[in-house]
Amino acid sequence: MEIGIVGLGKMGGNMAERLRRDGHKVVGFDFADAPVQKLNESGATGVKSLDELVKHLNAPRAIWLMVPAGDPVDETIAKLKPLMQKGDIFIDGGNSNYKDSQRRYKALKKEGFEFVDVGTSGGVWGLAEGYSMMVGGDETVVEHLRPIFETLAPGKDKGWGRTGPAGAGHFVKMVHNGIEYGMMQAYAEGFSVMAAKEELSLDLAQIAEIWRFGSVVRSWLLDLTADALHKNPTLNGLEPFVQDSGEGRWTVFEAIDLNVSAPVITESLIRRIRSREDNNFTDRMLAIMRNAFGGHAVKKD
(Lines give C-alpha, C1' and ligand atoms only; values in the text may rest on other atoms or scores of the structure.)
Protein backbone atom coordinates (compact mmCIF):
# COMPACT_ATOMS: atom_id res chain seq x y z
CA MET A 1 0.00 0.00 0.00
CA GLU A 2 1.10 3.60 -0.58
CA ILE A 3 1.49 6.02 2.31
CA GLY A 4 2.78 9.57 2.58
CA ILE A 5 4.31 10.73 5.86
CA VAL A 6 4.71 14.37 6.86
CA GLY A 7 7.11 14.76 9.79
CA LEU A 8 10.15 12.47 9.84
CA GLY A 9 11.29 12.93 13.42
CA LYS A 10 12.29 9.91 15.49
CA MET A 11 8.80 8.43 15.54
CA GLY A 12 7.78 9.38 12.00
CA GLY A 13 11.11 8.21 10.61
CA ASN A 14 10.88 4.88 12.42
CA MET A 15 7.33 4.36 11.21
CA ALA A 16 8.45 5.04 7.64
CA GLU A 17 11.22 2.48 8.00
CA ARG A 18 8.91 -0.19 9.45
CA LEU A 19 6.47 0.33 6.58
CA ARG A 20 9.25 0.26 3.97
CA ARG A 21 10.62 -3.01 5.32
CA ASP A 22 7.18 -4.59 4.92
CA GLY A 23 6.99 -3.63 1.27
CA HIS A 24 4.78 -0.56 1.40
CA LYS A 25 5.54 2.38 -0.85
CA VAL A 26 6.61 5.20 1.50
CA VAL A 27 6.97 8.83 0.48
CA GLY A 28 8.13 11.18 3.22
CA PHE A 29 8.52 14.92 3.71
CA ASP A 30 10.12 16.95 6.47
CA PHE A 31 11.04 20.61 6.78
CA ALA A 32 14.60 19.55 7.68
CA ASP A 33 16.89 18.12 5.00
CA ALA A 34 18.63 15.43 7.06
CA PRO A 35 15.56 13.20 7.70
CA VAL A 36 14.61 13.41 4.02
CA GLN A 37 18.09 12.36 2.96
CA LYS A 38 18.07 9.50 5.49
CA LEU A 39 14.75 8.27 4.10
CA ASN A 40 16.15 8.27 0.55
CA GLU A 41 19.21 6.36 1.70
CA SER A 42 16.96 3.69 3.28
CA GLY A 43 15.32 2.92 -0.05
CA ALA A 44 12.09 4.86 0.43
CA THR A 45 11.33 8.19 -1.24
CA GLY A 46 12.13 11.43 0.53
CA VAL A 47 10.86 14.65 -1.04
CA LYS A 48 11.49 18.34 -0.44
CA SER A 49 7.96 19.75 -0.74
CA LEU A 50 4.36 18.86 0.01
CA ASP A 51 3.53 19.28 -3.66
CA GLU A 52 6.13 16.67 -4.57
CA LEU A 53 4.81 14.38 -1.83
CA VAL A 54 1.28 14.43 -3.25
CA LYS A 55 2.50 13.91 -6.83
CA HIS A 56 4.33 10.72 -5.83
CA LEU A 57 1.10 9.13 -4.52
CA ASN A 58 -1.82 7.67 -6.45
CA ALA A 59 -5.41 8.49 -5.53
CA PRO A 60 -7.01 7.85 -3.17
CA ARG A 61 -3.99 9.13 -1.24
CA ALA A 62 -3.33 8.48 2.44
CA ILE A 63 -1.10 11.00 4.17
CA TRP A 64 -0.03 10.42 7.77
CA LEU A 65 0.75 13.60 9.75
CA MET A 66 3.37 13.33 12.49
CA VAL A 67 3.58 17.01 13.40
CA PRO A 68 3.12 18.79 16.77
CA ALA A 69 -0.45 19.09 18.03
CA GLY A 70 -2.39 22.31 17.60
CA ASP A 71 -1.82 24.89 14.88
CA PRO A 72 0.87 22.87 13.03
CA VAL A 73 -1.72 20.19 12.21
CA ASP A 74 -4.24 22.72 10.87
CA GLU A 75 -1.52 24.57 8.94
CA THR A 76 -0.25 21.36 7.33
CA ILE A 77 -3.75 20.27 6.35
CA ALA A 78 -4.43 23.72 4.88
CA LYS A 79 -1.28 23.47 2.74
CA LEU A 80 -2.11 19.96 1.56
CA LYS A 81 -5.80 20.41 0.69
CA PRO A 82 -5.30 22.40 -2.55
CA LEU A 83 -2.90 19.69 -3.75
CA MET A 84 -5.22 16.77 -3.01
CA GLN A 85 -8.57 15.56 -4.31
CA LYS A 86 -11.85 14.30 -2.91
CA GLY A 87 -11.58 10.88 -1.31
CA ASP A 88 -7.99 11.40 -0.12
CA ILE A 89 -7.32 10.55 3.51
CA PHE A 90 -5.68 12.64 6.23
CA ILE A 91 -4.32 10.63 9.17
CA ASP A 92 -3.30 12.48 12.34
CA GLY A 93 -0.94 10.24 14.30
CA GLY A 94 0.23 12.92 16.75
CA ASN A 95 -1.00 13.82 20.22
CA SER A 96 -3.87 16.07 19.17
CA ASN A 97 -6.77 16.96 21.42
CA TYR A 98 -9.72 14.76 20.50
CA LYS A 99 -12.00 17.81 20.16
CA ASP A 100 -9.68 19.17 17.46
CA SER A 101 -9.88 15.80 15.70
CA GLN A 102 -13.67 15.88 15.78
CA ARG A 103 -13.61 19.41 14.35
CA ARG A 104 -11.16 18.47 11.59
CA TYR A 105 -13.17 15.41 10.66
CA LYS A 106 -16.38 17.44 10.22
CA ALA A 107 -14.67 20.19 8.23
CA LEU A 108 -12.79 17.83 5.93
CA LYS A 109 -15.80 15.57 5.41
CA LYS A 110 -17.79 18.55 4.11
CA GLU A 111 -15.04 19.16 1.55
CA GLY A 112 -15.00 15.54 0.40
CA PHE A 113 -11.88 14.40 2.27
CA GLU A 114 -11.53 11.63 4.83
CA PHE A 115 -9.95 12.00 8.27
CA VAL A 116 -8.70 9.40 10.75
CA ASP A 117 -7.17 10.09 14.15
CA VAL A 118 -4.62 7.62 15.50
CA GLY A 119 -3.43 7.79 19.09
CA THR A 120 0.02 6.26 18.77
CA SER A 121 2.11 4.80 21.60
CA GLY A 122 5.50 3.13 21.41
CA GLY A 123 7.98 5.96 21.23
CA VAL A 124 11.49 5.26 19.99
CA TRP A 125 10.99 1.51 20.55
CA GLY A 126 8.25 1.26 17.94
CA LEU A 127 10.58 0.37 15.08
CA ALA A 128 11.54 -2.90 16.76
CA GLU A 129 8.52 -3.60 18.97
CA GLY A 130 5.67 -2.12 16.95
CA TYR A 131 3.22 0.62 17.89
CA SER A 132 0.03 0.53 19.90
CA MET A 133 -2.55 2.43 17.85
CA MET A 134 -5.96 3.62 18.98
CA VAL A 135 -7.88 4.53 15.83
CA GLY A 136 -10.88 6.83 15.40
CA GLY A 137 -12.81 7.30 12.17
CA ASP A 138 -15.30 5.83 9.74
CA GLU A 139 -15.21 2.01 9.64
CA THR A 140 -14.79 1.81 5.86
CA VAL A 141 -11.85 4.21 5.87
CA VAL A 142 -10.14 2.44 8.77
CA GLU A 143 -10.62 -0.88 6.99
CA HIS A 144 -9.04 0.58 3.85
CA LEU A 145 -6.00 1.54 5.94
CA ARG A 146 -5.81 -1.87 7.65
CA PRO A 147 -2.57 -2.94 5.85
CA ILE A 148 -0.81 0.13 7.29
CA PHE A 149 -2.00 -0.52 10.82
CA GLU A 150 -1.18 -4.23 10.62
CA THR A 151 2.39 -3.41 9.63
CA LEU A 152 2.95 -0.76 12.29
CA ALA A 153 1.35 -2.75 15.13
CA PRO A 154 3.17 -5.40 17.23
CA GLY A 155 1.08 -7.98 15.34
CA LYS A 156 -1.58 -7.98 12.64
CA ASP A 157 -4.31 -8.78 15.16
CA LYS A 158 -2.96 -7.16 18.30
CA GLY A 159 -1.92 -3.76 19.57
CA TRP A 160 -4.31 -1.75 17.40
CA GLY A 161 -8.00 -1.31 16.72
CA ARG A 162 -10.76 1.10 15.79
CA THR A 163 -12.01 2.48 19.11
CA GLY A 164 -14.92 4.47 17.69
CA PRO A 165 -15.83 7.44 15.46
CA ALA A 166 -13.58 10.38 14.71
CA GLY A 167 -11.97 11.69 17.88
CA ALA A 168 -12.19 8.35 19.70
CA GLY A 169 -8.59 7.43 18.88
CA HIS A 170 -7.15 10.58 20.40
CA PHE A 171 -9.58 10.45 23.33
CA VAL A 172 -8.44 6.94 24.26
CA LYS A 173 -4.78 7.94 23.80
CA MET A 174 -5.40 10.92 26.11
CA VAL A 175 -6.69 8.62 28.85
CA HIS A 176 -3.82 6.19 28.13
CA ASN A 177 -1.33 8.96 28.85
CA GLY A 178 -3.19 9.99 31.99
CA ILE A 179 -2.91 6.42 33.29
CA GLU A 180 0.76 6.47 32.35
CA TYR A 181 1.25 9.56 34.54
CA GLY A 182 -0.21 7.72 37.54
CA MET A 183 1.84 4.57 36.96
CA MET A 184 5.06 6.54 36.63
CA GLN A 185 4.32 8.52 39.78
CA ALA A 186 3.67 5.33 41.76
CA TYR A 187 6.93 3.74 40.61
CA ALA A 188 8.85 6.94 41.37
CA GLU A 189 7.40 7.22 44.88
CA GLY A 190 8.00 3.54 45.66
CA PHE A 191 11.63 3.64 44.60
CA SER A 192 12.08 6.90 46.53
CA VAL A 193 10.86 5.22 49.72
CA MET A 194 13.33 2.39 49.22
CA ALA A 195 16.18 4.77 48.42
CA ALA A 196 15.49 6.63 51.68
CA LYS A 197 15.82 3.42 53.74
CA GLU A 198 19.61 3.73 53.81
CA GLU A 199 20.14 1.27 56.69
CA LEU A 200 19.09 -1.63 54.42
CA SER A 201 21.42 -0.64 51.55
CA LEU A 202 18.83 -1.69 48.99
CA ASP A 203 19.96 -2.23 45.40
CA LEU A 204 17.18 -0.55 43.44
CA ALA A 205 18.27 -1.94 40.09
CA GLN A 206 18.23 -5.47 41.53
CA ILE A 207 14.76 -4.94 42.99
CA ALA A 208 13.46 -3.63 39.68
CA GLU A 209 14.79 -6.79 38.01
CA ILE A 210 13.07 -9.00 40.60
CA TRP A 211 9.76 -7.22 40.06
CA ARG A 212 10.00 -7.55 36.27
CA PHE A 213 9.18 -11.26 36.39
CA GLY A 214 6.11 -12.77 38.05
CA SER A 215 5.22 -9.65 40.02
CA VAL A 216 1.80 -8.03 39.72
CA VAL A 217 3.52 -4.65 39.18
CA ARG A 218 5.57 -5.82 36.17
CA SER A 219 5.23 -3.64 33.08
CA TRP A 220 7.19 -2.15 30.18
CA LEU A 221 7.62 0.99 32.29
CA LEU A 222 9.31 -1.15 34.92
CA ASP A 223 11.55 -2.70 32.25
CA LEU A 224 12.68 0.79 31.26
CA THR A 225 13.10 1.77 34.92
CA ALA A 226 15.30 -1.25 35.60
CA ASP A 227 17.49 -0.40 32.61
CA ALA A 228 17.80 3.23 33.72
CA LEU A 229 18.77 2.23 37.28
CA HIS A 230 21.45 -0.15 36.02
CA LYS A 231 22.96 2.71 34.02
CA ASN A 232 22.65 5.36 36.76
CA PRO A 233 21.74 3.86 40.18
CA THR A 234 21.77 7.19 42.04
CA LEU A 235 20.35 9.30 39.18
CA ASN A 236 23.39 11.56 39.33
CA GLY A 237 23.32 14.58 37.04
CA LEU A 238 19.56 14.66 36.61
CA GLU A 239 17.45 17.69 37.45
CA PRO A 240 14.05 17.07 39.18
CA PHE A 241 12.19 18.64 36.25
CA VAL A 242 9.39 16.64 34.60
CA GLN A 243 7.63 17.89 31.46
CA ASP A 244 4.14 16.91 30.32
CA SER A 245 2.75 16.60 26.81
CA GLY A 246 -0.62 18.09 27.73
CA GLU A 247 -2.65 14.90 27.54
CA GLY A 248 -2.54 14.37 31.30
CA ARG A 249 -4.10 17.82 31.71
CA TRP A 250 -6.81 17.03 29.17
CA THR A 251 -7.60 13.78 31.00
CA VAL A 252 -8.06 15.67 34.27
CA PHE A 253 -10.26 18.29 32.59
CA GLU A 254 -12.43 15.55 31.06
CA ALA A 255 -12.73 13.77 34.41
CA ILE A 256 -13.99 16.99 35.99
CA ASP A 257 -16.44 17.63 33.13
CA LEU A 258 -17.76 14.07 33.42
CA ASN A 259 -17.94 14.14 37.24
CA VAL A 260 -15.51 11.24 37.43
CA SER A 261 -13.09 11.10 40.35
CA ALA A 262 -9.50 10.67 39.11
CA PRO A 263 -7.30 11.64 42.10
CA VAL A 264 -4.23 9.58 41.16
CA ILE A 265 -3.95 11.01 37.65
CA THR A 266 -4.69 14.51 38.96
CA GLU A 267 -2.06 14.35 41.69
CA SER A 268 0.56 12.92 39.33
CA LEU A 269 -0.04 15.88 37.02
CA ILE A 270 0.29 18.33 39.92
CA ARG A 271 3.57 16.68 40.95
CA ARG A 272 4.95 17.15 37.45
CA ILE A 273 4.03 20.82 37.47
CA ARG A 274 5.52 21.26 40.93
CA SER A 275 8.81 19.70 39.80
CA ARG A 276 9.39 22.72 37.56
CA GLU A 277 9.19 25.33 40.30
CA ASP A 278 12.52 26.83 41.26
CA ASN A 279 12.76 27.65 44.97
CA ASN A 280 9.23 26.30 45.51
CA PHE A 281 7.08 29.04 47.08
CA THR A 282 4.43 26.60 48.31
CA ASP A 283 6.88 24.59 50.38
CA ARG A 284 8.42 27.76 51.80
CA MET A 285 4.94 28.96 52.80
CA LEU A 286 4.29 25.65 54.58
CA ALA A 287 7.58 25.96 56.45
CA ILE A 288 6.90 29.50 57.63
CA MET A 289 3.34 28.59 58.79
CA ARG A 290 4.68 25.65 60.80
CA ASN A 291 7.21 27.98 62.34
CA ALA A 292 4.51 30.52 63.18
CA PHE A 293 2.10 28.23 64.97
CA GLY A 294 4.48 25.67 66.44
CA GLY A 295 7.90 27.21 66.51
CA HIS A 296 9.20 24.51 64.16
CA ALA A 297 12.65 25.13 62.72
CA VAL A 298 12.97 26.78 59.34
CA LYS A 299 15.93 26.04 57.08
CA LYS A 300 17.39 29.15 55.45
CA ASP A 301 19.65 29.58 52.44
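Here is a short chat about aromatic rings in this predicted model.

The model is predicted, so local features need pLDDT of at least 70 and side-chain atom pairs count only at pLDDT 80 or more, while totals for chains, interfaces and linings use all residues. Residues are numbered from 1 along each chain as its sequence is written, and side-chain values use heavy atoms, with hydrogens and water left out.

User: How many aromatic pairs does the structure hold?
Analyst: Seven. Rings of Phe, Tyr and Trp (its six-membered ring) pair if their centres lie within 6.5 Å; planes under 30 degrees apart are stacked, over 60 edge-to-face, and the rest tilted.

User: Why is the pair of Y98 and F171 called edge-to-face?
Analyst: The centres are 4.9 Å apart, so they pair, and the 85° between the planes makes it edge-to-face.

User: Which parts does that pair tie together?
Analyst: Y98 sits in helix α5 (residues 98-110) and F171 in helix α9 (residues 168-196), so parts 73 residues apart in sequence are tied together. Helices here are DSSP runs (H or I, at least four residues), numbered from the N terminus.

User: What makes Y98 buried?
Analyst: Buried means under 20% relative accessible area, exposed over 50%, partly exposed in between (1.4 Å probe, protein chains only). Y98 has 12%, so it counts as buried. F171, with 27%, is partly exposed.

User: Why is the pair of F191 and W211 called tilted?
Analyst: Their centres are 5.5 Å apart and their planes at 55°, so the pair is neither stacked nor edge-to-face, but tilted.

Definitions and conventions. Helices (H or I, at least four residues) and strands (E, at least two) are DSSP runs, numbered from the N terminus.
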